[in-house]
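Me: I'm new to this one, so could you walk me through it step by step?
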Amino acid sequence: MTTDLDELRDLEVLLPADVHVTDTVVRLTGGHDPASQLAIALAVRAPRLGHVCLDLDRIVRVGLAAEGHERIDVELPDLEPWLTAIAAAPSVRRSDEDRVSPLVLDDGRLYLDRYWRYEQRLVDGLRALLDRPPRDRDPSLVQELLDRLFPNPDDAQQRAAAEVATREALTVLTGGPGTGKTTTVVKLLATLWLSAGDAPPSIVVAAPTGKAAARLAEAVRQQADGLPVPPAAVAALRALPTSTLHRLLGWRPDAPTRFRHDRQNPLPNDIVVVDEASMASLPLMTKLVDALGPGGRLVLVGDRDQLASVDAGAVLSDICGPRGDDGASVGSRAAETIVTLTRFHRFGPASGIGAVARAVQREATGPDDVLALFRGERTEPGGPDRYTDIALIDPARDATQPLPAPVLDHVVEGYAAAVSAAIADHDPLEVLAAFDRLRVLTALRRGPDGVEALTEMLGARIAAAVPGYEHDRPFPIGQPVLVTRNDHQLGLFNGDVGVVVRDPRDDRRRVAFPTAEGGVRLVAPARIPAAEPVFAMSVHKSQGSQFDEVVLVLPRRDSPLLSRELIYTGVTRAARQVTVVADAQVLHDALGRRVQRASGLTRRLWHPDAS
């Protein structure tokens, strides 16, 4: 059994910070054997890898992996003796013990105390929403509104979501891209606004990132105009405030992990709608639910099959709980508040993107069947002989040519048009839209097929193709820019994307970012906390975005970071065309691997008797 933390650090299972924190805990509390020290170090590591806790049973069965690489052959303790050693450690308490300690052992899961409290608070808040009595509304008025807004029998799922929202304090709307989530939200909000009578509710719509918030605001404005409702309702929907979650909660510069709105100072809004909810981490979702007022209601909208938050937790998926064969949530009281949209509107029967999305969503569809869709070896019933909007290119690649020549030429041509538009001083909104027509996505940050290498290579090729593009200088005109660190005061967040343009007011360089109101704001490069060029971006960072065309590049060798959810998320960022550059076996292995983030949220919420 290997329990030497320094050895695990050398194997890159642990970072030096993990070992340092563990040594500090042991020094301050004393009395730890090697097995409990190992568990503490792995629990410290867990949130960095997206887990809320250390699932001891699973780690014993599956084993350990290095930081983003292959699994490491390390012998771990047997489960029962390990649990006994952990429970006896002075720094660990059982969840039913009333004392303070750095770590908590709960049903075979080892938590850092902070994350255990986040999870407990979120469960308590969600249960309070589930236990709240139905809203007192005129049933005949509600039915009349539902009949008016959802007249098509094919809209039964969308209608069900609006009906749930009229009676429940918590509504969860999940579905793949193009299933009508945004349309449903707009009609749902119209139903709530009109059925409230003389006291219309205060509504706010929010999203985890500025890009997602801007897309949501634009969609709400566009769709409100076509609703069969009075002009006052249309005006109210068009005027709905839209925000990032951080801005909504009110970031505090004096306490960066706390917000102005909390249990003591709740949000003033009656209804809070959160789009792209799969991107919200456990701490952020907990603080949002804490901040709801006594009568506040929450509508969560997202795609449970997407990749989860970059930070700890897979909250939306955990809230949605177990699924039946049709993809719908099944089980306890929580299932009554969850509506899953399964009918694709954006992707018709001729769409390979839609076929892949549906296949990945179905638990019973194996990797061989999904791979056959990419290869053109089969189509769905009623589909064409071969899909034209998806392609798998399985080339022989080398370090100097990560993309096959035809794909590379096509990408450079697409990006060159957007860069040229910026250099020619086109409207910043037009330039941003031009960059959204095509995006290269990749699974990894480093390596010959990672974000860094692809961005550098593409930048150099674009400089050769576009006169005036100064690739080698900081923030050249026309460069797309990705924010990599939050700045709450500036209102920029990790994952926001802008483009460098020339400010017509003073001819200086500025980075243009889309606003939630559908406009653009210009920010001096020196004010941006941290940023990098983004000719290629990670699939994780692409969440909340939509592009006309996506080129998805996978690494040459399999990696634990590749998963069914990553492929699904990358493919569904595209509206019209996807090209996957990958070894077929690597893609196959990724399609056979599900992301499993350790958490107790599903158990606590769906099986209360077990808590």
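Me: Where does Val481 sit, and what stands opposite it in β16?
Reply: This is a predicted model, in which local features need pLDDT of at least 70, side-chain atom pairs count only at pLDDT 80 or more, and totals for chains, interfaces and linings use all residues. Residues are numbered from 1 along each chain as its sequence is written, and side-chain values use heavy atoms, with hydrogens and water left out. Val481 stands opposite Gly498 in β16, and it belongs to strand β15, residues 480-483 (strands are DSSP runs of E, at least two residues, numbered from the N terminus).

Me: And which residue faces it in β19?
Reply: In β19, Val481 has Pro533 opposite.

Me: How do those strands run relative to β15, parallel or antiparallel?
Reply: Strand β16 (residues 497-502) runs antiparallel to β15, joined by three bridges, and β19 (residues 531-533) also pairs with β15 in the antiparallel sense over three bridges; two strands pair if DSSP finds at least two bridges between them.

Me: Zooming out, what share of the whole chain is buried?
Reply: Of the 611 residues of the protein chain, 57% count as buried.

Me: How big a box do the C-alpha atoms fill?
Reply: Taken along the principal axes, the C-alpha atoms of the protein chain fill a box of roughly 65 × 65 × 55 Å.

Note on methods. Buried means under 20% relative accessible area, exposed over 50%, partly exposed in between (1.4 Å probe, protein chains only). Helices (H or I, at least four residues) and strands (E, at least two) are DSSP runs, numbered from the N terminus.
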